[in-house]
Amino acid sequence: MKRLYGMLTEKKHMLIGAGLLRVSFGLLILFMYFIHYSQRRFIWGPNGMQNHDHLQEQMALTSNFSLYQLSDSLLYFDIIFHLGILFALLFTLGVMTRFTAIVNLLFVWSLQHANVLILDGGDNIMRIILLYMLFANTSAYFSIDRLRANKESNAIGHAPVWNALHNLAILTSIIQLCFMYLSSGTHKVMGEMWTNGTALYYILQVGEYTHPFFQNMIASSEILLLAGAYSAIFVQLSFPFFLLNRYTKYFAMFSVIGLHIGIAIVMGLFTFSASMITMQFLMLNDQEYKRVYSWIKGAVLRVRNKFQGAKVKRYETKQVQ
Amino acid sequence: MIKKIGVSLILCVFVFHLVITALYLTPFNPVKAKYSFAVNAYMEPLFSQNWRLFAPNPASTNNQFMVRAQFADGGTSDWLDLTTFMIDKNQANRFTPYNRLVRIQRGAFTSLYQTDEVTLKISQKIEEKNLDREDYDHLLENERTQKKDEYAQEALNRYAQSYVRSVYPEKDIEKTQIIMQETKAVPFSEKDNEQYEREQQLHEFKWVDFVEVSPVFD
């Protein structure tokens with residue numbers, strides 16, 4: 001009990017993962033803004049896919065709020081949209097992160113609810129995790145805040161309540177992810193097409209979720225169909241349990257990343273997969289990241305040494321000539 | 001001491017939130033039937049989430065949307081295909097705006113027929129017991145689902161109208177109409193039967209007045 005309390009309050013864990021999560025979610029948000037930049041008025045605008053009055057009505061009906069509902073002027077829309085880009089950028093870079101994280105979430109939330117028809121599960125998990133992460137410190141690594149703090153002073157807060165809040169925000173995010181896979185896996189087990197192994201055969205006939213090349217390849221093989229459906233169920237249901245052990249954790253990460261790469265390539269749902277894979281940044285702790293970092297550094301050094309060695313040798317042969 | 005109380009409070013919120021989230025995400029069950037109102041009130045809209053992702057029954061039909069326009073001079077256009085070119089463009093390159101735009105039509109159409117779990121259960125019971133649907137209309141239809149249908153249809157029409165405008169930039173358009181051809185998947189048992197004819201169904205939507213919408217394709 002005392003040890004648990006200590007773990008919770010003595011220091012902030014998972015700071016590197018939280019930083020990586022912030023940067024990659026920020027980049028995904030920026031991608032969303034920029035890839036649809038020229039269709040922005042149609043997708044989210046006051047006279048786009050949705051009539052502005054109806055957006056207001058819809059928000060009132062679901063006790064929801066979006067910044068885009070406040071005015072039907074096109075100028076207002078463009079201002080909000082560009083402010084959204086600005087705050088997504090500041091969030092990605094980690095400038096005044098505590099503040100920009102809140103504002104960025106407000107803008108992302110507003111954008112998502114201004115048009116729900118083009119969203120996917122990746123947007124959904126991102127929205128929820130961005131909310132939990134308001135309570136975590138995501139700027140201890142890879143941020144402008146960090147650079148500035150190093151210059152001024154190196155004071156790191158040791159307040160137990162703040163540490164607990166940070167650690168529980170991270171833990172909530174991880175458990176939320178586990179719930180997601182459990183829920184998704186359970187609903188698959190409930191579906192006949194999933195348990196009889198024909199689900200992929202059917203999904204791959206749907207134009208939006210398929211590619212002729214993979215459809216021909218996978219649908220023509222009963223073994224691939226079965227392996228695909230069953231491994232999806234198994235990977236999702238087992239994810240939370242494999243996380244509990246230090247070594248099986250890597251297997252859990254490896255298998256969900258594999259699942260999502262498959263979904264990205266075969267079904268083309270790459271923004272969905274990118275969000276889900278990004279979530280895996282939370283699975284490694286700071287020690288593990290440091291070990292990975294020093295391994296990479298070592299590898300780079302070895303390669304460089306080899307390269308430089310080769311240069312020297314060539315130099316020597318020149319001398320002989 | 002105060003710090004310990006603070007930490008304990010945070011812990012309570014943490015546990016409470018996770019318990020409710022877990023309940024919110026379970027498949028339909030007695031506890032949920034009883035408390036779903038309270039659970040939903042806590043979870044939505046802030047934490048609303050849905051992870052059924054292609055389950056229990058994945059999408060398997062192809063919906064092809066087509067639109068035609070009526071012009072002020074009395075003429076009517078041919079049917080314009082709204083779906084095929086989007087799918088082709090998305091398959092040719094996943095890193096384009098079409099990767100999301102392609103979802104508009106299916107998203108709107110599913111939203112037309114989508115409903116919450118309790119309503120779905122009632123609807124299934126009516127089917128099972130062969131009851132008269134009209135007697136239960138008050139249970140099946142509520143303001144929220146009705147409005148949702150309206151918005152989804154509007155989105156479909158506006159998408160179609162934006163497209164029609166890009167095809168006929170100069171014409172004076174009065175009305176448009178959408179139809180959707182739903183093509184069922186080839187059942188697994190007929191996989192190798194090349195003569196198999198896929199089941200098709202036509203959904204006809206109403207003519208609607210043309211609205212000048214922000215262009216989707218510049």
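How many buried residues are there among the five residues of strand E4 (residues 200-204) of chain B? The count is zero, so to speak a strand that is hardly covered. Keep in mind as we go that this is a predicted model.

Strand E4 of chain B does have a partner, though. Strand E3 (residues 173-183) of chain B pairs with E4(B) in the antiparallel sense, over five bridges. To find one spot on that pairing, look for B:Glu182, whose bridge partner in E4(B) is B:Gln201.

Now step back to chain B as a whole. It has eight helices and five strands. Starting at the N terminus, the elements run α-α-β-β-α-α-α-α-α-α-β-β-β. The chain is divided into domain 1 (1-51) and domain 2 (61-209), and the C-alpha centres of these two domains of chain B lie 36 Å apart.

What about the overall shape? The C-alpha atoms of chain B fill a box of roughly 80 × 45 × 40 Å along the principal axes. Chain B has a radius of gyration of 23 Å, whereas a compact globule of 218 residues would be near 17 Å. Buried residues make up 22% of the 218 residues in chain B. Among the contacts in chain B with a separation of 6 or more, 56% are between residues 24 or more positions apart.

Is B:Ala41 buried or exposed? B:Ala41 counts as exposed because it has 10 C-beta neighbours inside 10 Å, and the cut-off for exposed is 12 or fewer. Follow the chain 17 residues from B:Ala41 to B:Pro58, and the C-alpha atoms of the two are separated by 28 Å.

On to the inside. Nonpolar side chains tend to be buried together in soluble globular proteins. Here the largest nonpolar core has 102 residues, and the members that touch the most others are A:Ile203, B:Ala155, B:Tyr159 and B:Ala160. Helix H9 (residues 160-189) of chain A gives this core its largest share, nine residues. As for B:Ala160, leaving aside neighbours within four places in sequence, its contacts are B:Val67, B:Leu82, B:Thr176 and B:Ile178.

Finally, see where the two chains meet: 57 residues from chain A and 57 residues from chain B take part in the contact. On the side of chain A that touches chain B, H9(A) gives the most, with 15 residues. That side of chain A divides into 25 nonpolar, 28 polar and four charged residues.

Note on methods
Residues are numbered from 1 along each chain as its sequence is written. Chains are lettered from A and ligands numbered from 1 in the order in which they are written. This is a predicted model: local features need pLDDT of at least 70, side-chain atom pairs count only at pLDDT 80 or more; totals for chains, interfaces and linings use all residues. Domain bounds come from an automatic or database domain assignment. A residue is buried if 20 or more other C-beta atoms lie within 10 Å of its own, exposed if 12 or fewer, and partly exposed in between; C-beta atoms are placed from the backbone. A nonpolar core is a set of buried Ala, Val, Leu, Ile, Met, Phe, Trp, Tyr and Cys residues joined through C-beta atoms within 7 Å. Helices (H or I, at least four residues) and strands (E, at least two) are DSSP runs, numbered from the N terminus. Two residues are in contact if their C-beta atoms, placed from the backbone, lie within 7 Å. Ala, Val, Leu, Ile, Met, Phe, Trp, Tyr, Cys and Pro count as nonpolar, Asp, Glu, Lys and Arg as charged, and the others, Gly among them, as polar. Two strands pair if DSSP finds at least two bridges between them. The radius of gyration is taken over C-alpha atoms; the globule rule is 2.2 Å times the number of residues to the power 0.38.
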